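Hi,

Here is the structure I promised to pass on to you. Please have a look at it first, and then read my notes below.

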Amino acid sequence: MPNFFDDNEDIQFQFKNLDLDEIIRIREDNFKEKDNFYYASENVEDAKDNYRRAMSIAGQIAGDYVAPRAPEIDAEGSKLVDGKVIYAKGLQESLDMIKNSDLMGITIPRKYGGLNFPYIVSSIFIEIISRADASLMNIVGLQDIGETVYKFADDELKDKYLPLFSSGKITSAMALTEPDAGSDLQAVQLKAVYDEQSGCWRLNGVKRFITNGCGDILLVLARSEEGTTDARGLSLFLCENDDSMKIRRIENKLGIKASPTCELQFNNTTAHLVGKRKFGLIKYVMSMMNGARVGIAFQALGIAVAAYYEAIKYANEREQFGKKIIEFPAVYDILINMKVEIETTRSLVYRTVWVVDMLECLEKNLKSAENDDEKKILRKKIKNFDKLAATVTPLSKYYASEMSSRVTYDAIQIHGGTGYMKEFNVERHYRDARITSIYEGTSQLQVVAAIGGILSGVMNIEFDNFSSQEYDGDLKSLSDKMKKAYSKFQTAANYLKEKKNPEYTEFYARKMVDITIDVYISYLLLNEAKVSEHKKLLAEKFINERLPRISMNEEYIISGDESTIKNRDELLK
Amino acid sequence: MKYNSIVLIKQVPDTKNITGEAMHEDGTVNRSALPAIFNPDDLNALEMALSLREKFGGTVKVITMGPPFAAEVLRESLYRGADEVIHLSDRRFAAADTLATAYTLSKAIKKIGEYNIIFCGRQAIDGDTAQVGPQVAAKLDIPQVTFVDKIEQIDDNSITVKRSIENGYEIIQTKLPVLLTVMGTANEPRYPSCKLVMKYKKARSAAEIKAESENNKDSNINFNETINKLKKKNLLIQTWDADNIGLDASECGAQGSPTWVAKISSVQLESKEIKNIESNYNSIKELISELISDHILG
């Protein structure tokens, strides 16, 4: 099997094209660790070389070791035996390989045993692993849990648990959802009570749909403030998976079958408070969810890539009517669309994770800033990047996950009847892709999360920046078209703002989000086209195809048509 | 007890991924058409040594004999956790057959001195002889077990291994020190560790630096300065030449090789004639006699 990093030219392109120098310098703090850690980078180029080498190892493991095991991992699934979860054999073996290659603490600082790489690298890792096996990603890819401990827990917890995270000695889970608190996490009821006698917190209650709930360390959202009913009564806790915690069942799912989805019962389970009381949902879980959402976007992308490779291979092998089916316009049209969907999504999600990395760096800079003027400038910059990250993250999660379902659907279509059969991988990819637009917040919730920022002008800073740049030659006419598209975006956004009708805005929010994504990706491609002939072709195709969609969505929004809202009950009869 | 292992590895042309004409017209291997890789079975040998160390402690030393660029497989060994690597590199070693190779390797092993187990891959994918391992054991006068699939048990003096044979396995017990040649099916070799890659990616053997400075006459690589810098950072891979291991030029390389390759040709088997046999006693008897007289059966 190929190396899933080395064989993917587009990942290499993004890796080269994104400006990582500043991110690296800040993350490495002038490379001061180079004398204390044998594996620390010495300079920017050395760091990039290290990232590339690490991802090449990940790509080798993914292509060589994990991918061939994926069909069996899927067929075997995870099992609950005598209250213990048993991973599929191939999943456990893959996990061990990844652990032995030091890929379990990619972003964790070196002093806790991690690699201290930026999020862009851990995201590439997630894409590569998900292409090999989507369910494995849920166990190795969600490294944000360690990240959350690093960001918010006290030193005692960090010293004790982070080395376990980065060495891969433990796996973990975030326990948020409950039977009556899914999308609406404010309704969480699991109770946390401080036990004066033993000087620790005790958890009681039930969590449901917990990915890898059998993990050794859990971050649990619980109600610590008695009598409260909203988000402000919730805190975040860390607990070890011990006998007081019972796995009541694991779910029988459509896809990602080897990722165990557990129902957990906590019976007086000992727990440590993470950070401050009452900040559980409003700060820590929000941060953790944003990280996880970026992760799901890359997982969705990885699954789509796997399906695309299967489809292109099949179309080149299968012959009908005396020729390879890839020769038929109806077939290559689908394949090209799949490829365009994947590459354009990659532009969006890699930009997103770049924004997340920049935000992290700016925050780090603020901590070490010395004078007030510097701090003031940084604070302003951070505010902008924070808002941008909070908007582009749900955009990416929404777009990549929906794209993954479309592309895996098309991959089966290319295979015809064969693709519907269990013997072919595309059937699995199609099932695996489906969850990505549901968990870590449904697509509908991503739209809700993004629309506020869009309407308050968060994206305008990005768009203004792109539209004011110089584009030469063929790109000039494309950029002129984009100016019109941008103005349509503004017209639609202004219309919604001025209408001041919450239900109308909510009803049309998805169309507004679609305009935003179309404009954003178009600009990203236009920029990439400056350095790549391939991207120029892609930009032309994407922009020319999406312009009518932008106009259509704008027309819908500014139509003022409320008939569907008004006639809802009649239409549903 | 802790066990000290020595692993003998080889850099070979990747015969699975051929990028051009694999053979020159004169029948020698065209190495430029074949990317150089870690001999696959040797990775299994290294893996067996590393997992033994993980279980019982001890050390894993890796030796390769080869031209300067063969040091790459030594770095690959460091990336996987080898404690020490040694590059046997000397122009005098060139064009060695299996006997001269085994002799050179055994001299290096004697120089190392103490060891409990020597691991080799079952065979290399270029020559496919499977001779070097057994010959090294003979030169060192220690027991050997070939085609090893698993170490069943090990203690201070003895080792029990599962050996793969046609249609099954045999369990063999022998004394330490021992030489084992390891099957490709024995284990799943680990992948490089990211941290060790970052540590050792700049490790070089003296032979490599020498070759580099000879190849780029214009560049001002100062040999001694580079060596000292690497030494300071613990990144210098030891290079041993014939003198270091007390080997005479007549005993290694082409001079020490009794094997003479007269001709290499690609043999293709194809059916030339078809004979129909009646399904009765006499016809089948006739066929059997014919096969016996042709030495196909017998």
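What follows is a short account of what was found, chain by chain and then between the chains.

First, the conventions. This is a predicted model, in which local features need pLDDT of at least 70 and side-chain atom pairs count only at pLDDT 80 or more, while totals for chains, interfaces and linings use all residues. Residues are numbered from 1 along each chain as its sequence is written, and chains are lettered from A and ligands numbered from 1 in the order in which they are written.

Chain A contains 19 helices and 11 strands; these are DSSP runs numbered from the N terminus, with helices being H or I of at least four residues and strands E of at least two. Along the principal axes, the C-alpha atoms of chain A fill a box of roughly 70 × 65 × 60 Å. Of the 573 residues in chain A, 49% count as buried, that is, with 20 or more other C-beta atoms within 10 Å of their own, C-beta atoms being placed from the backbone.

One helix pair in chain A is worth a look. Helix α10 (residues 329–368) of chain A packs against helix α17 (residues 533–558) of chain A at about 100°, with the axes 11 Å apart; axes are lines fitted to C-alpha atoms over the stretch in contact, and angles run from 0 to 180 degrees between N-to-C directions. That makes α10(A) roughly perpendicular to α17(A) (65 to 115 degrees). V340(A), E343(A) and T344(A) in α10(A) meet L538(A), K541(A) and F542(A) in α17(A), where contact means C-beta atoms, placed from the backbone, within 7 Å.

In chain B, an open sheet of 10 strands runs β9-β8-β7-β10-β6-β1-β4-β5-β12-β11, with mixed pairing; strands pair if DSSP finds at least two bridges between them. The edge strands are β9 (168–175) and β11 (204–205) of chain B. Strands β1 (residues 3–9) and β4 (residues 58–65) of chain B run parallel, joined by 7 bridges, and S5(B) has V60(B) as its bridge partner in β4(B).

Finally, how do the chains meet? 10 residues of chain B are in contact with 14 residues of chain A.

Best wishes

Technical notes:
Contact = placed C-beta atoms within 7 Å. Parallel < 35°, antiparallel > 145°, perpendicular 65-115°, else oblique. Buried ≥ 20, exposed ≤ 12 C-beta atoms within 10 Å, placed from the backbone.
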